[in-house]
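Reader: I'd like to learn how to read a model like this one. Can you walk me through a few features?

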Amino acid sequence: MDTFLGSTTAGSLEASTPTLLAFDELQSRSLSLSVRATALVFEDPVSRRLLEQIERIAPSDATVLVVGETGTGKELVARHIHALSNRSKNVFGALNCAALSEHLIESELFGHEKGSFTGALTSKEGWFETANKGSLFLDEVGDLPFGMQAKLLRVLQEREVVKVGSRQPVPVDVRIIAATNVNLEEAVAASHFRADLYYRFNVATIQLSPLRDRPGDILPLARHFLKIYGDRLGYSDVKLLPSTELTLLNYEWPGNIRELENAVHRALLVCPSNFLRPEDFKLSGVRASENGPTISTTSLESAIQRLCEQAPPKLFDIVEETVIRTAYAFCEGNQVQTANLLDISRNVLRHKLALYGMLPNSQRKSTRVHETETTDEGFRLNGAEISPSLLNTN
Ligand SMILES: Nc1ncnc2c1ncn2[C@@H]1O[C@H](COP(=O)(O)OP(=O)(O)OP(=O)(O)O)[C@@H](O)[C@H]1O
Ligand SMILES: [Mg+2]
């Protein structure tokens, strides 16, 4: 269970860019142990629309149901709704309904009187009282025990709580933000969740898409976590290689943003240089690239086969030069990145680039193995046309 989570002022919530929103200092400090985002990344069009929806809903007092797969940012969105609401100066309380027994949940939510059960040595206020005039985040609300659902419904209707062991109702004014990663409609149909409580929660629903359905967020989020963990670990200059970006984009992210966050953190710990390589990310689960044609080498093979048919002299050198030229162009002339991408040493790369006459002030060595002629579409080696599309692996 989350403990006291502090408060923030709406006025101090400022937008540094249209899509990167800074939480205020006080709130980010109060977000306790885990990284808890100090900024929200909303780059993909899907996420931008979501942000607009959040901004529309937040100022009202409407109960909100946040629905999304694990790790999609449900809690972060709930905090953001609170931060943008008129209640932001007051408490944001968070309770994980799946983590507590029915008896404990009742006491946590509504409080208890001294002596009301064994171990109740003092009276205690519940979350509804603590979060009075603020917001209460009920996480994994689909796991709320059935008996508790009726009690909660009563509180939402009557706007008052009765502590365990008491008969005295206490008025409360709390905005509920509930979250679930299970389909509550199905839970209602299966009689695991009360329909009347579902309708209460479902006043405004925010549906968070899985990360695979908002690919425009993947790299901005990866850089965001790189910055956070890089600063923390003292590796501020670490960057993603272009090939790593491709790997991240091609991955399904079954654990969504949380998985991406953990993957970046882990990669930073194992990465030996200033560039995170694909192999620094130990990605589990299904990779799109394993199922799809994204990194298939089929067209590469057929390109080489066509070259074989032409049988130009020094075929291997042609292929090698093409690979190096293409990678060098892909890395925009950055030698370190190109060497990392190709997994060769920078010395070897520089030697080859010098050989091809591609280093500043270098001329193609007179012992060149083949003639190169740049064309509009690519270049020609020993008369063989090497266009980028020849090596297109899609
Ligand atoms: N839009 C975002 N921008 C930046 N960081 C984000 C964003 N969304 C989520 N995160 C980060 O991703 C991690 C997971 O988010 P969060 O805990 O809110 O997800 P969740 O849906 O509640 O996950 P779970 O289902 O596992 O409880 C957190 O560290 C959070 O700070
Ligand atoms: Mg959560």
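Author: Let's go from the whole chain down to single residues. Keep in mind that this is a predicted model.

Reader: OK, what is the mean pLDDT of the protein chain, and what share of its residues reach 70 or more?

Author: The mean pLDDT is 79, and 77% of the residues reach 70 or more. Where pLDDT is low, the predicted coordinates should not be read in detail. Here, pLDDT stays under 50 over residues 285-296 and over residues 366-394. The model does have contacts beyond four places in sequence for those stretches: 18 for residues 285-296 and 49 for residues 366-394.

Reader: Got it. How many helices and strands are in the protein chain?

Author: There are 16 helices and 17 strands. Of the chain's 394 residues, 32% count as buried. As for contacts with a separation of 6 or more, 69% come from residues 24 or more positions apart.

Reader: Which residues of α9 are buried?

Author: They are Ile 218, Leu 221, Ala 222, His 224, Phe 225, Leu 226 and Tyr 229. Just after α9 comes Gly 234, with a positive phi of about 80°.

Reader: And a helix pair? At what angle do α14 and α15 pack?

Author: Look at the angle and the axis distance together. Helix α14 (residues 315-330) packs against helix α15 (residues 335-342) at about 130°, and their axes are 9 Å apart. That angle is why α14 counts as oblique to α15. On the α14 side, the contact is made by Ile 324, Ala 327 and Tyr 328; on the α15 side, by Thr 338, Leu 341 and Leu 342. The crossing of α14 past α15 is right-handed.

Reader: Last one, Pro 169: where does it lie?

Author: Pro 169 lies in strand β10, which spans residues 169-171.

Reader: Why does Pro 169 count as partly exposed?

Author: It comes down to counting neighbours. A buried residue needs 20 or more other C-beta atoms within 10 Å, and an exposed one has 12 or fewer. Pro 169 has 13, so it is partly exposed.

Reader: Which residues does Pro 169 touch, leaving out those up to four places away in sequence?

Author: Pro 169 touches Glu 160, Val 161 and Val 162. For Arg 159, 10 residues away along the chain, the C-alpha separation from Pro 169 is 9.5 Å.

Conventions:
Residues numbered from 1 in each chain as written. Chains lettered and ligands numbered in written order. Predicted model: local features only at pLDDT ≥ 70, side-chain atom pairs only at ≥ 80, totals over all residues. Helix = DSSP H or I, 4+ residues; strand = E, 2+ residues; numbered from the N terminus. Contact = placed C-beta atoms within 7 Å. pLDDT = per-residue confidence, 0-100. Axes fitted to C-alpha atoms, helices over the stretch in contact; angles between N-to-C directions. Parallel < 35°, antiparallel > 145°, perpendicular 65-115°, else oblique. Left-handed = near helix turned anticlockwise from the far one by under 90°.
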